[in-house]
Structures are given as C-alpha cells and as structure tokens.
Amino acid sequence: MEEMIDLTNGKKTISRSKIQYEANVKHFEMRGFKPVENNLKENTNEVDKTFENEAKVIPLKKKRKTRKKKWKT
C-alpha cells in the first residue's frame, strides 16, 4: 500500500500519495501546499475552535429599494 502524506495551505488539508507528491512538488508549492507535521495538524484544529467562539456577528444593513418615479403627462 502506498504511503500517504498530508498537505496543507493554511485553510485546506488534503492527503496524497508520497509518490504523487514527489513527482509534483513544484505544482503543490505553487498552489501553496506544504507537508503537515503531526504537531502542527493538531494545533490548527485548536486555533480554529477558539476563533469560532470569539467571532462576533454583526448584522448587515439592508439596502432600501428605490422605486422609479412615474411621469405624469
């Protein structure tokens, strides 16, 4: 069975075979993907959870619809 490697670009994590990664290293680097270390992978999950709890939701203002004026003739 092929050895799998995890790659991340900061917000997205993918798994590819090590053979495919070694054949296309420049392609993955160009797209911002780098190999993930096990310690780094666990820490990113913790950071995402704390961010979701601290985020505040601000309601957006609704735009008022303007009506086209009718010309009286």
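Me: Which residues does phenylalanine 33 touch, not counting those up to four places away in sequence?
Reply: The model is a predicted one. In it, phenylalanine 33 belongs to the largest nonpolar core, together with Ile5, Leu7, Ile14, Tyr21 and Phe28. Beyond the residues up to four places away in sequence, phenylalanine 33 touches Leu7, Thr8, Asn9, Lys12, Ile14 and Phe28.

Me: What is the order of the elements along the protein chain, from the N terminus on?
Reply: The protein chain has 3 helices and 3 strands. Read from the N terminus, these elements run β-β-α-α-β-α.

Me: In what order do the strands lie in the open sheet?
Reply: Strand 1 is joined to strand 2 by 5 bridges and to strand 3 by 2 bridges. Both of these pairs run antiparallel. Strand 2 and strand 3 have a single partner strand each, so they stand at the edges, and one side of each is left without a neighbour in the sheet. The order is therefore 2-1-3.

Me: Which residue of strand 2 stands opposite leucine 7?
Reply: Strand 1 covers residues 4–8 and runs antiparallel to strand 2. Isoleucine 5 stands opposite arginine 16 in strand 2. For leucine 7, the residue opposite in strand 2 is isoleucine 14.

Me: Which residue takes a positive phi in the hairpin of strand 1 and strand 2?
Reply: The hairpin has 4 residues between the strands. The backbone nitrogen of glycine 10 is reached by the side chain of threonine 8 at 3.1 Å. The positive phi, near 110°, is that of glycine 10.

Me: Is threonine 8 buried or exposed?
Reply: Threonine 8 lies in strand 1, and its contacts, leaving aside neighbours within four places in sequence, are Thr13, Gly32, Phe33, Lys34 and Val36. Its relative accessibility is 16%, and the cut-off for buried is under 20%. Threonine 8 therefore counts as buried.

Me: What is the bridge partner of threonine 8 in strand 3?
Reply: Strand 1 and strand 3 run antiparallel and are joined by 2 bridges. Threonine 8 lies in strand 1, and Lys34 is among its contacts. The bridge partner in strand 3 is lysine 34.

Me: With which side chain does the side chain of serine 15 make a polar contact?
Reply: Serine 15 is in strand 2. Not counting residues up to four places away in sequence, it touches Met4, Ile5 and Asp6. The polar contact, at 2.6 Å, is with the side chain of aspartate 6.

Me: How is serine 15 classed by its relative accessible area?
Reply: The relative accessible area of serine 15 is 37%. Buried requires under 20% and exposed over 50%, so a value in between falls in the middle class. Serine 15 is partly exposed.

Me: What separates the C-alpha atoms of serine 15 and proline 35?
Reply: Serine 15 has its place in strand 2. Proline 35 is 20 residues apart from serine 15 along the chain. Their C-alpha atoms are separated by 9.5 Å.

Me: Which side chain is joined to that of serine 17 by a polar contact?
Reply: Serine 17 is found in strand 2, residues 13–17, and is buried, with a relative accessible area of 10%. Leaving aside neighbours within four places in sequence, serine 17 is in contact with Glu2, Glu3, Met4 and Ile5. The polar contact, of 3.5 Å, joins the side chain of serine 17 to that of glutamate 2.

Me: Which residues form the aromatic pair?
Reply: A search of the whole structure finds 1 aromatic pair. The pair is tilted, with 5.7 Å centre to centre and 35° between the planes.

Me: Which residues make up the largest nonpolar core?
Reply: Nonpolar side chains tend to be buried together in soluble globular proteins. The core has 6 residues: Ile5, Leu7, Ile14, Tyr21, Phe28 and Phe33.

Me: What share of the accessible surface of the protein chain belongs to carbon and sulfur atoms?
Reply: Of the 73 residues of the protein chain, 12% count as buried. The accessible surface comes to about 8,100 Å². The share of carbon and sulfur atoms is 52%.

Definitions and conventions: Residues are numbered from 1 along each chain as its sequence is written. This is a predicted model: local features need pLDDT of at least 70, side-chain atom pairs count only at pLDDT 80 or more; totals for chains, interfaces and linings use all residues. Side-chain values use heavy atoms; hydrogens and water are left out. Buried means under 20% relative accessible area, exposed over 50%, partly exposed in between (1.4 Å probe, protein chains only). A polar contact is a pair of N or O atoms within 3.5 Å; within protein, one must be able to donate a hydrogen and the other to accept it, and residues adjacent in sequence count only if both atoms are side-chain atoms. Contact means heavy atoms within 4.5 Å. Two strands pair if DSSP finds at least two bridges between them. Rings of Phe, Tyr and Trp (its six-membered ring) pair if their centres lie within 6.5 Å; planes under 30 degrees apart count as stacked, over 60 as edge-to-face and the rest as tilted. Accessible areas come from the Shrake-Rupley method with a 1.4 Å probe; for residues, only the protein chains shown count as cover. A nonpolar core is a set of buried Ala, Val, Leu, Ile, Met, Phe, Trp, Tyr and Cys residues joined through side-chain atoms within 4.5 Å.
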